[in-house]
Amino acid sequence: MNTSSQENESFIKTYALLVAVMVLWGGTFISGRMLAQNHSAFTISFLRFLTASLVLSPVLFFSKKKTPSYTRLQWLKLFFLGLTGVFSYNYFFFGGLKYVEAGKASVIIAINPTITAFLAAIILKELLTPGKILGALTALTGALIVITKGDLHTITSGGIDKGEILLFGAVLSWVSYTLLGKVALKKLRPLETTTFACIIGTILLFPFSLKNGLAQSLETATILDWINVVYLGAFGTGLGFIWYYGGIQKIGAAKAAAFINLVPIFGVSFGAFLLGESIESSLLIGIALVIIGISLVNKKVKAKTVNLEVN
């Protein structure tokens, strides 16, 4: 096999793994939806990231690059990454999934990259192109169409429910996490950043999970519940992270980020086939607009940009 064939085979493998990551992330909405019906958001979050920490910690420990000592400022950044990307994001995420169907939630959460890119231009002074503005507005419109089932007038008449509000809280938490991560990653590696964010977030979640039924959940959890927890922590977070950043190293952040367009498609499809959720025309229109918006935001993005993803 010549060098060119080997390179082509390597890229095909990379693309296949990135698609697999999006399948895993689409599936997190299904597992989260199922768990949220019987367990508290804090308990699910704690068990998810305890599992993820147990998966990522040995990977970091045995990685080729040695983990450096951190300054107080760097530990403070890691603390806030754990607070925003793990603690608050997952509280809002699983809290929202208690009320909102998995497919619908996947479309709402999918606006994360567009809102992040738009605010990064304002806060971090990144280049704000007309395409990014149009992309952010298009994706937001798509999400609003999904939330209101095509009737945007419900926004002004109190038609947005608790679940959607919680999911928007998840979006804002993730935007904060990603923007802070862009700063932290200037001196920290992605694997270090995410692993320590997971560990810190797990520690923060523990006392809240204790107060919100952790002991009871451990006693009453079914085999299916544990399968979902392991899926969320080991596959949706741990393995998904490793494969995603492997893709970034191979083809660059911009191309890898484009695969995120697939997450709402898988989320909606899995919701329909596994949970029997209905697929309405407004949902399909919303998906299309969100995907177009994400594409516009990521168009011609420099490969230096790295998006933190722990879905």
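Predicted model: local features only at pLDDT ≥ 70, side-chain atom pairs only at ≥ 80, totals over all residues.
Me: Is Leu 191 buried or exposed?

Reply: Compare the relative accessible area with the cut-off: buried means under 20%. Leu 191 has 14%, so Leu 191 is buried.

Me: Where does the kink in H8 lie?

Reply: Look at the local axis as well as the ends. The kink, of about 35°, lies at Leu 205. The proline Pro 207 follows shortly after Leu 205. Just after H8, check the backbone too: Gly 213 takes a positive phi of about 90°.

Me: Where is the kink in H3 centred?

Reply: It is centred on Tyr 89, and the bend is about 35°. Helix H3 runs over residues 72–97, which is 26 residues. From first C-alpha to last, H3 reaches 36 Å, close to the 38 Å expected at 1.5 Å a residue.

Me: How far apart are the end C-alpha atoms of helix H5?

Reply: They are 16 Å apart. H5 has twelve residues, 112–123, and should span 16 Å at 1.5 Å a residue, so the model agrees.

Me: Which residues in H5 are buried?

Reply: Go through the helix residue by residue. Asn 112, Pro 113, Thr 114, Ile 115, Thr 116, Ala 117, Ala 120 and Ala 121 are buried. Just after H5, Lys 125 takes a positive phi of about 60°.

Me: How many helices and strands does the protein chain have?

Reply: Count the elements, then read their order. The chain has 13 helices and zero strands. Along the sequence the pattern is α-α-α-α-α-α-α-α-α-α-α-α-α.

Me: What share of the contacts in the protein chain, at a separation of 6 or more, comes from residues 24 or more positions apart?

Reply: Such pairs account for 89% of those contacts. Then take the surface. The accessible surface comes to about 14,600 Å², and 67% of it belongs to carbon and sulfur atoms.

Me: Which residues touch the most other members of the largest nonpolar core?

Reply: Look for the members with the most partners inside the core. Here they are Met 22, Phe 29, Phe 93, Ile 109 and Tyr 244, in a core of 75 residues. Helix H2, residues 41–61, gives the most to this core, with nine residues.

Me: What does Met 22 touch, not counting residues up to four places away in sequence?

Reply: Met 22 touches Tyr 244, Phe 259, Ile 260, Leu 262, Val 263 and Phe 266.

Me: Where is Ile 287 found?

Reply: Ile 287 is in helix H13, residues 281–298. Its relative accessible area is 9%, so Ile 287 is buried. Beyond four places in sequence, Ile 287 is in contact with Val 107, Pro 264, Ile 265 and Val 268. Ala 143 is 144 residues away along the chain, with 7.8 Å between the C-alpha atoms of the pair.

Me: Is Gln 249 buried or exposed?

Reply: Exposed means over 50%. Gln 249 has a relative accessible area of 71%, so Gln 249 is exposed. Gln 249 is found in helix H10, residues 223–251. The C-alpha atoms of Gln 249 and Thr 14 are separated by 9.8 Å, at 235 residues apart along the chain.

Me: Which residue forms a salt bridge with Lys 104?

Reply: Find the closest N and O atoms first. The partner is Glu 164, with those atoms 2.8 Å apart. Lys 104 lies in helix H4 and Glu 164 in helix H7, so the pair ties together parts that are 60 residues apart in sequence. Now check burial. Lys 104 counts as buried at 15% relative accessibility. Glu 164 is buried too, at 4%. The salt-bridge count comes to one.

Terms used: Residues numbered from 1 in each chain as written. Heavy atoms only, no water. Salt bridge = Lys/Arg side-chain N within 4 Å of Asp/Glu carboxyl O. Helix = DSSP H or I, 4+ residues; strand = E, 2+ residues; numbered from the N terminus. Buried < 20%, exposed > 50% of the residue type's maximum accessible area, 1.4 Å probe, protein only. Contact = heavy atoms within 4.5 Å. Areas by Shrake-Rupley, 256 points an atom, 1.4 Å probe, with all protein chains shown as cover. Expected span 1.5 Å × (residues − 1). Bend = angle between axes of the 7 residues up to and from the residue. Core = buried A, V, L, I, M, F, W, Y, C linked by side-chain atoms within 4.5 Å.
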